[in-house]
Amino acid sequence: MRIDVITIFPEYLAPLELSLIGKARKDGLIDVHLHNLRDYTHDRHRTVDDTPVGGGAGMVMKPEPWAEAFANVLASGKGESDDGSASPLVIFPNPAGEPFTQRAAEQRAEEPWLIFACGRYEGIDERVYEYLADQGVRVALSSLGDYVLNGGEVAVLAMTEAIVRLVPGVVGNPESIVEESHTSGLLEYPLYTKPARWTSPDGVQRDVPEVLLSGHHARIQKWRRERSLERTAERRPDLLEGRE
Ligand SMILES: Nc1nc2cc(Br)ccc2s1
């Protein structure tokens with residue numbers, strides 16, 4: 001998988017060189033390219049924004065640098081992608097976008113080439129989205145939640161982690177990404193490890209649920225399913241709507 005990120009703050013994406021994603025890059029499972037949007041400006045101040053037409057507070061990102069940046073990234077990616085014909089999915093993190101869910105992460109993990117475009121300020125001139133669509137580029141606006149960040153970079157870090165960990169070979173034990181919150185559509189059951197009895201600092205003796213020590217796998221699986229349904233009903237009843 002190739003990942004390109006267009007941003008005015010490439011340094012924000014430094015964590016993509018660490019840990020799981022860093023190892024996946026070293027192992028050649030993913031290929032990450034960062035692009036500074038300001039490299040596609042031509043004025044002394046490397047201007048990427050201007051005042052909103054029609055008035056209003058804040059600034060809007062100008063369309064010209066974005067068009068140049070996409071032209072460069074699309075050309076360089078086509079030349080370098082494995083079969084040369086891979087068509088990228090361009091993802092704009094955006095609070096007005098579609099919810100980014102585990103299902104979306106699974107779908108994105110199938111893509112050979114993702115381009116993340118990080119907006120800043122009040123957002124990006126709408127004509128950039130229209131232009132890309134007219135060029136036949138697949139575009140998705142994705143929201144991480146109903147809150148507003150100062151830019152898309154943090155969202156790209158989160159989405160990249162959620163997606164890349166699903167790429168075959170990235171996570172050592174594929175079993176570990178099967179039973180997680182949202183994989184089954186439910187919240188994960190409570191987890192315990194040793195010791196079986198923990199005396200917490202307040203002096204309370206806290207035991208692991210007996211069933212988990214029974215070695216009876218059917219009972220353990222039943223208990224875990226019940227706890228998943230219970231906490232999903234309590235914390236995220238919306239996930240249960242429409243389920244059989
Ligand atoms: N929740 C989110 N907020 C923002 C703000 C900007 Br500015 C760009 C992208 C996103 S995604």
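Colleague: Where is Tyr12 found?

Modeller: Tyr12 is found in the loop between S1 and H1. Helices (H or I, at least four residues) and strands (E, at least two) are DSSP runs, numbered from the N terminus. This is a predicted model, in which local features need pLDDT of at least 70 and side-chain atom pairs count only at pLDDT 80 or more, while totals for chains, interfaces and linings use all residues. Residues are numbered from 1 along each chain as its sequence is written, and side-chain values use heavy atoms, with hydrogens and water left out.

Colleague: Is Tyr12 buried, exposed or partly exposed?

Modeller: Buried means under 20% relative accessible area, exposed over 50%, and partly exposed in between (1.4 Å probe, protein chains only). Tyr12 has a relative accessible area of 37%, so it is partly exposed.

Colleague: Which residues form a nonpolar patch on the surface?

Modeller: Patches are made of residues with over 30% relative accessible area and no salt bridge; like charges are joined within 9 Å, nonpolar side chains (Val, Leu, Ile, Met, Phe, Trp, Tyr) within 5 Å. Here Tyr12, Leu144, Tyr147, Leu149 and Val154 form one, with about 420 Å² of accessible area together. Accessible areas come from the Shrake-Rupley method with a 1.4 Å probe, and for residues only the protein chains shown count as cover.

Colleague: Which residues touch the most other members of the largest nonpolar core?

Modeller: A nonpolar core is a set of buried Ala, Val, Leu, Ile, Met, Phe, Trp, Tyr and Cys residues joined through side-chain atoms within 4.5 Å. The largest has 31 residues, and Phe116 and Ile163 touch the most other members. At least two residues each come from strand S1 (2-7), helix H1 (19-26), strand S5 (89-99), helix H3 (102-108), strand S6 (113-117) and helix H5 (153-164). H5 gives the most to this core, seven residues.

Colleague: What is Ile163 in contact with, leaving aside its neighbours within four places in sequence?

Modeller: Contact means heavy atoms within 4.5 Å. With those neighbours within four places left aside, Ile163 is in contact with Met1, Phe100, Ala105, Arg108, Ala109, Leu114 and Phe116. There is also a second, separate core of 22 residues, which includes Tyr40, Ala69, Phe70 and Val128.

Colleague: How many salt bridges does a search of the whole structure find?

Modeller: A salt bridge is a side-chain nitrogen of Lys or Arg within 4 Å of a carboxyl oxygen of Asp or Glu. The search of the whole structure finds 14. One of them joins the side chains of Arg197 and Asp207 (2.7 Å, N to O). This pair links distant parts of the chain, with Arg197 in strand S8 (residues 197-199) and Asp207 in strand S9 (residues 205-207), ten residues apart. Arg197 is partly exposed at 47% relative accessibility, as is Asp207 at 43%.

Colleague: Which residues are linked in a network of salt bridges?

Modeller: Lys222, Glu226, Arg227 and Glu230 are. Between Glu226 and Lys222 the closest N and O atoms are 2.5 Å apart. Because these two are four residues apart in helix H6 (residues 217-235), about one helical turn separates them. Glu230 pairs with Arg227, with 2.9 Å between the closest N and O atoms; both lie in H6, three residues apart. Lys222 is exposed at 54%, whereas Arg227 is buried at 17%.

Colleague: What is Leu229 in contact with, leaving aside neighbours within four places in sequence?

Modeller: Leu229 is in contact with Leu186 and Leu240. Leu229 is placed in helix H6 and is partly exposed, with a relative accessible area of 32%.
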